[in-house]
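Work through the exercises below with the sequence and the model open. Try each task before reading its solution.

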Amino acid sequence: MAEKKPIKITETILRDAHQSLIATRMTTEQMLPIIDKMDKVGYHSVECWGGATFDASLRFLKEDPWDRLRKFRDGFKNTKLQMLFRGQNILGYRPYADDVVEYFVQKSAANGIDIIRIFDCLNDLRNLQTAVTAANKEGAHAQVALSYTLGEAYTIDYWKDIAKRVEEMGANSICIKDMAGLLLPYQATELVTELKSVTSLPIQLHTHYTSGVASMTYLKAVEAGVDVIDTAMSPFALGTSQPATEVMVETFKGTPYDTGFDQQLLAEIADYFRPIRDEALESGLLNPKNLGVNIKTLLYQVPGGMLSNLTSQLKEQGAEDKYYQVLEEVPRVRKDLGEPPLVTPSSQIVGTQSVFNVLMGERYKMVTKETKDILTGHYGATVKPFDPEVQKKCIGDAEVITCRPADLLEPELDKLESEMAQYKEQDEDVLSYALFPQVATEFFKYRQAQKTKVDPNAADTQNGAYPV
Ligand code: CO
């Protein structure tokens with residue numbers, strides 16, 4: 001019998017699964033009652049923080065994301081907690097100075113994060129170094145995620161080279177982050193085998209079911225020696241989310257990859273989440289469209305989330321008939337901009353510019369600030385050069401930088417501290433403010449108002465400012 005190598009599982013239902021299917025709207029209150037059972041499964045880790053959860057908590061749920069993390073830490077006594085981190089952009093959409101990145105990593109670890117998955121939308125490793133070094137310093141596990149994509153530049157040699165450099169920079173593991181579900185089963189065999197030949201770091205695979213191939217891709221990747229896969233409990237699996245945890249567990253039962261997980265326990269956890277799914281279907285929060293196979297994602301190599309963004313942008317402009325024209329424009333714009341992977345924020349930048357190019361009837365007649373920022377090097381280096389004519393038309397003779405973009409940023413923590421001092425109730429508040437200044441300020445005001453409500457003496461002094 002072959003040597004035993006149980007496949008490890010990262011459960012995504014508390015982060016990516018509900019981000020992908022219900023716009024990140026699961027509340028802490030909905031999550032907490034099931035944590036005790038999830039903690040008994042034996043997961044390698046539970047991904048539960050970062051990505052869009054931070055923004056959505058503050059903006060839509062009126063929850064403090066730090067408080068959610070501390071509650072997870074209290075509840076998960078045996079399971080590692082994992083987060084998703086956008087390199088120098090942290091959880092926001094612009095590059096931050098190193099002091100903010102370092103402080104964010106420090107506070108994430110202090111509040112309970114064990115594994116930090118760090119990626120950059122251009123795979124420019126210079127944008128990851130500060131976060132990786134900070135994670136090392138805090139004793140957290142630094143996982144570097146390669147934003148997986150297809151294109152001329154993305155050869156097996158490209159991925160092998162980047163994996164070697166990731167190992168050299170001090171990462172503890174590598175993740176192949178296939179946000180669009182583009183990695184096909186037999187390509188997974190090749191990619192995992194080749195990466196294993198150049199690095200001794202553990203390799204994790206993250207994909208989405210959008211194009212319908214994900215569980216087959218996992219099967220081939222596991223056979224090729226991948227160490228960890230990302231799955232979601234069945235009520236929030238499939239479609240634009242991950243393959244189902246129970247299905248992958250059952251698939252490897254009795255093989256050298258057997259997880260040893262208890263299906264009865266998994267069934268109880270699924271029973272808990274099913275009514276939340278039903279409720280989301282009923283309210284329209286969960287769109288059945290997102291549950292099917294979207295083969296366009298393979299044809300146009302566009303992530304599921306980006307497809308739905310394009311649809312809504314065109315709808316707003318009353319130009320839904322231009323959908324296919326825009327889809328065909330996306331790969332052209334991507335090429336003009338140096339063929340970046342399409343993941344936050346490059347997906348939004350390429351998508352919006354493609355919409356403009358089609359709607360204006362002339363390419364790059366109207367150019368977004370973000371397109372200009374890419375073309376001046378402010379997001380970092382792309383794998384291919386920019387199209388020189390497009391660059392000229394968009395930015396003229398503006399200066400183009402080639403250094404690590406954050407090298408041009410002055411430390412900004414002190415300034416941020418002074419701007420939000422009046423709202424500060426905990427050290428972490430400055431980080432919420434740094435990422436989402438307006439949204440966090442609204443939240444801080446809401447938080448204060450809530451306190452006033454339950455304190456009758458304080459309410460008197462508010463002069464009826466708050467409705468009762
Ligand atoms: Co994902």
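Buried means a relative accessible area under 20%, exposed means over 50%, and partly exposed lies in between, with a 1.4 Å probe and protein chains only. This is a predicted model: local features need pLDDT of at least 70, side-chain atom pairs count only at pLDDT 80 or more, and totals for chains, interfaces and linings use all residues. Residues are numbered from 1 along each chain as its sequence is written, and side-chain values use heavy atoms, with hydrogens and water left out.

**Exercise 1. Surface positions**

Task: Is S200 buried or exposed?

Solution. 
- Start with the location. S200 sits in the loop between α8 (185–198) and β7. Helices (H or I, at least four residues) and strands (E, at least two) are DSSP runs, numbered from the N terminus.
- Apply the cut-offs. S200 has 64% relative accessibility, so it counts as exposed.
- S200 and E167 are 33 residues apart in sequence, and their C-alpha atoms are 8.3 Å apart in space.

Now treat Q422 likewise.
- Q422 belongs to the loop between α18 (413–420) and α19 (429–435).
- Its relative accessible area is 61%, so Q422 is exposed.
- From Q422 to F444 the C-alpha distance is 9.6 Å, across 22 residues of sequence.

**Exercise 2. An aromatic pair**

Task: What is the geometry of the pair formed by Y148 and W159?

Solution. 
- Set the rules. Rings of Phe, Tyr and Trp (its six-membered ring) pair if their centres lie within 6.5 Å; planes under 30 degrees apart count as stacked, over 60 as edge-to-face and the rest as tilted.
- Search everything. The whole structure holds 21 aromatic pairs.
- Read off this pair. Y148 and W159 are stacked, with centres 5.4 Å apart and 25° between the planes.
- Locate the partners. Y148 is in the loop between β5 (141–147) and α7 (156–168) and W159 is in helix α7, so the pair ties together parts eleven residues apart in sequence.
- Check burial. Y148 is buried at 7% relative accessible area. W159 is buried too, at 4%.
- Look for a cluster. Ring pairs link W49, F54, W66, F85, Y93, F104 and F436.

**Exercise 3. Two helices in contact**

Task: At what angle do the axes of α13 and α15 cross?

Solution. 
- Define the axes. They are lines fitted to C-alpha atoms, for helices over the stretch in contact, and angles run from 0 to 180 degrees between N-to-C directions.
- Helix α13 (residues 304–316) and helix α15 (residues 346–359) have axes that come within 10 Å and cross at roughly 35°.
- Name the residues. Contact means heavy atoms within 4.5 Å. M306, L310, Q313 and L314 of α13 meet S347, G351, T352, V355 and L359 of α15.

**Exercise 4. Backbone details**

Task: Where is there a cis peptide bond?

Solution. 
- The cis bond joins T344 and P345, with omega about 0°. P345 is in the loop between α14 (323–336) and α15.
- Turn to phi. A23 is not a glycine, yet its phi is positive, about 50°. T24, also a residue other than glycine, has a positive phi near 65°.
- A23 is in the loop between α1 and α2 (28–38), and T24 is in the loop between α1 and α2.
- Classify them. A23 is partly exposed at 36% relative accessibility, whereas T24 is buried at 6%.
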